[in-house]
Amino acid sequence: MASRGGMASRGGMASRRVYNKPGRGRARTGLKSKVSKVAMTEETNEMVGRGAKAMRLDRATMAEEREVGWNTKESEEDGKGEPQKFDPNFRGPIHNRSCTDVICCVIFIIFIIGYIALGTVAWIYGDPRRVTYPTDSQGQFCGQQGTSNANKTILLYYNMLKCANPAVLINLQCPTTQLCVSKCPDRFATLLTAHNIPADWNYYKQFCKPGFSSKTSLEILKHDDCPSMIVPSRPFMQRCFPDFNSLNGKLTVANKTTFNDGSVDQSVTNLKTAVNGISNLMNAQDYGLRIFEDYANSWYWILISLVISMLVSLFFILLLRFIAGVCVWIIIVGAIVAIGYGIGHCYWEYSRLSKTLDASVTISDIGLQTDFNVYLQLSQTWLIFMILLAVIEVIILIVLIFLRQRLQIAIELLKEGSRAVGYVMTALLYPIFTFFLIFVCIAYFAVTAIMLASSGIPVYKVTSTDDKCIHNNAICIPQTFSTTKIPTECPGSQCSFAFYSDERYIVLFHLCNLFAFLWLVNFTIALGQCTLAGAFASYYWALKKPEDIPACPLFSSFSRAIRYHTGSLAFGAFILSVVQMIRIVLEYLDHKLKQSQNAYTRYVLCCLKCCFWCLERFIKFINKNAYIMIAIYGKNFCTSSKNAFFLLMRNIIRVAVLDKVTEFLLFLGKLLIAGSVGILAFYFFTHKLAAVEDGPKLNYFWIPMVTVIIGAFLVAHGFFNVYSMCVDTLFLCFCEDLERNDGSSSRPYFMSPGLRRILHKGDSGAISSS
């Protein structure tokens, strides 16, 4: 209005000046008047347009503020918390912070000191030889240095036939004298025949108790000083077992089908039954030895396979930086093709085995076998594998069909994650540090468990050949056994070593060892998540990238997490460890009560296992997002968990659309890497690769193959977890950015243009979205 007035006054003055002049002056005055009117009209229109636009902006801003106010009120009423408010000084992870959850930190440090003390006590009192070496009836180790058994490394059972007694499985001990010897017998002989022949007696005496006095044959048998018979044997698992062979389809020992046990003739089949009684107790140990041999022969190739997995994982992550869309489709198609190949191979094996004579044999017919190759010769095994792979394939295809419209959104989020990883490349090396810490935890846990298991005191029990003896399986003391009434009431009984006691305090120590292991592993994972979250948050909240990204963001984030938030990380890890401990106890109870006929008990256990599994998954989800909030704001665990949960609830649709789709794609990437390396390992360890014919000799080829598959998945998980943590952190920061800012010049978005396009956020910001 002022400008219009000014122009009007100037026009009037000019008009008055012109009127004082005749003719020509009036014409010039009319022309100037027309020009001034046109200029005034244009200026007026421009000002009116600017005013209208400003009014529209004001109305849009007021509408947005009303909408934000209503959303805030609605969020508070719905229990979703209050959205973040604009803070002009906020620029990412807060540097001026204080220690959080100090009490938890102190408790955690005290617990670590106690765990070290527990390991030290176990190391002092434990003796791993009790686990690895056989023990004779006197409780002495076979091969123990400094004793009479120093050169006697093999255990001999006096009467192998007694090991067929059901008490072997009940008492975990064969009811016969056991003696450490330097070598196993290589011939048939009985005490009655050998005692009368000097040459045979000199050989026979080496299998008798050392230092026994010369007696008659009957006295020797009565006091159980020598075995009543010996049979040709060979050492197996540091124990003498009969040397069985097959002759014309018949079971023999030294080409004989019968033998004399000192009183009557026995069939070799009875001896085989007795051996099976001990073998049932030793199958697990034998199985473990064969697995150890396979690992010893193939560890080099397993290591190479894991290195290949690491290189492939790094290669994929680098490719995601430049061609995220192509890599996503490679992951999808590759996973589908790899599983499809597995289905085809299983069908080929099933068709081939179905045409053999043993096609009708089922898994239930052969029962439990330690040799997995036996199951691979059954068509039913391959049918089960084929069905499982087909179910997985169908599930993946169904999920992809429903998420087909969200893949492009996930690709944009992966691209943003790739840029963040590209600016914080040191984050790709952090999984190596995490693997090292977890390896230390596993090694310490395993050594402590072995030492605790071997720290009990030896327990001796009465063994008798007479099942009617009332003292059978009673605890006894070897030094005073001969002075008790047991030998007179139960002739032929003896006080033999049974096992090492597992006192209640040792069981408690085992539980403490397990819980400490879970707590330390979960703390290590939490430390990694918080460290990575702080580094990637520094990237997101940098307005000008990469100029505003701080130097060494990963090291700075790690320092903040260790210095200020050890207590918070330990608190979150403790809650998760308690739930995992409960799940382990439930699994133990389920294993013990598996044979129970009580349907109600099985139902309750099944429900509890399902509920705690869901609870564990939920706690992991909450903890992960809480660690992100801790890395950004530096608040305690409970406050960070609450803020993270409410922020996710206010953006629950985006959580399902963005975060979970990318998580599914990364999971397919892990499957692709593990499956590809697993297929390569299968062809290598089964010697089906023409380029590699001299592969390692294995008892079970599937042992290193499964190890490679699991190891490849864990390696891929470690590196892809960096990517996953990056996406989760960017997503949480993205949600906060939408609440804090509106895209205007005074409150600009920190998100990249790619992320703006995901939610159609142009330069107009919230105006277009509202």
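Biologist: What share of the contacts in the protein chain with a separation of 6 or more comes from residues 24 or more positions apart?

Modeller: They account for 72%; contact means heavy atoms within 4.5 Å. This is a predicted model, where local features need pLDDT of at least 70, side-chain atom pairs need 80 or more, and totals for chains, interfaces and linings use all residues. Numbering starts from 1 along each chain as its sequence is written, and side-chain values use heavy atoms, without hydrogens or water.

Biologist: How many helices and strands does the protein chain have?

Modeller: It has 25 helices and 13 strands. Both are DSSP runs, numbered from the N terminus: helices are H or I with at least four residues, strands E with at least two.

Biologist: What is the mean pLDDT of the protein chain?

Modeller: The mean is 75, and 71% of the residues reach 70 or more. The scale is the predictor's confidence in each residue, from 0 to 100.

Biologist: Which stretches have pLDDT below 50?

Modeller: Residues 1-29 stay under 50, with 14 contacts beyond four places in sequence. Residues 760-770 are also below 50, with 16 contacts beyond near neighbours in sequence. Where pLDDT is low, the predicted coordinates should not be read in detail.

Biologist: How do you know that the span of helix α20 agrees with its number of residues?

Modeller: Helix α20 covers residues 599-633, which is 35 residues. The expected span is 1.5 Å times one less than the number of residues, so α20 should span 51 Å. Its end C-alpha atoms are 51 Å apart, which agrees. G634 follows α20, and its phi is positive, near 75 degrees.

Biologist: What span does helix α15 have?

Modeller: Helix α15 (residues 430-453) has 24 residues and reaches 35 Å from first C-alpha to last, close to the 34 Å expected. Its buried residues include Y430, P431, I438, C441 and L452.

Biologist: Why is S305 called buried?

Modeller: Its relative accessibility is 12%. Buried means under 20% relative accessible area, with exposed over 50% and partly exposed in between (1.4 Å probe, protein chains only). S305 therefore counts as buried. S305 lies in helix α9 (residues 268-322). Beyond its neighbours within four places in sequence, S305 contacts V677 and V708. A681 is 376 residues away from S305 in sequence, but 7.6 Å away in space, C-alpha to C-alpha.

Biologist: What makes I396 buried?

Modeller: Its relative accessible area is 5%, so I396 is buried. I396 sits in helix α13 (residues 379-402). Outside four places in sequence, I396 contacts I336, I339, F664 and L668. Across the chain, 42% of the 770 residues count as buried.

Biologist: Why are α3 and α19 called roughly perpendicular?

Modeller: α3 and helix α19 (residues 566-592) pack at about 75 degrees, with axes 7 Å apart. Axes are lines fitted to C-alpha atoms, for helices over the stretch in contact, and angles between N-to-C directions run from 0 to 180 degrees. Under 35 degrees is roughly parallel, over 145 roughly antiparallel, 65 to 115 roughly perpendicular, and the rest oblique. So α3 and α19 are roughly perpendicular. C104, C105 and F108 of α3 meet T566, G567, A570 and F571 of α19.

Biologist: At what angle do α21 and α23 pack?

Modeller: Helix α21 (residues 637-650) and helix α23 (residues 702-740) pack at about 70 degrees, with axes 10 Å apart. That makes α21 roughly perpendicular to α23. L647, L648 and R650 in α21 meet F731, L732, C735, E736 and E739 in α23.
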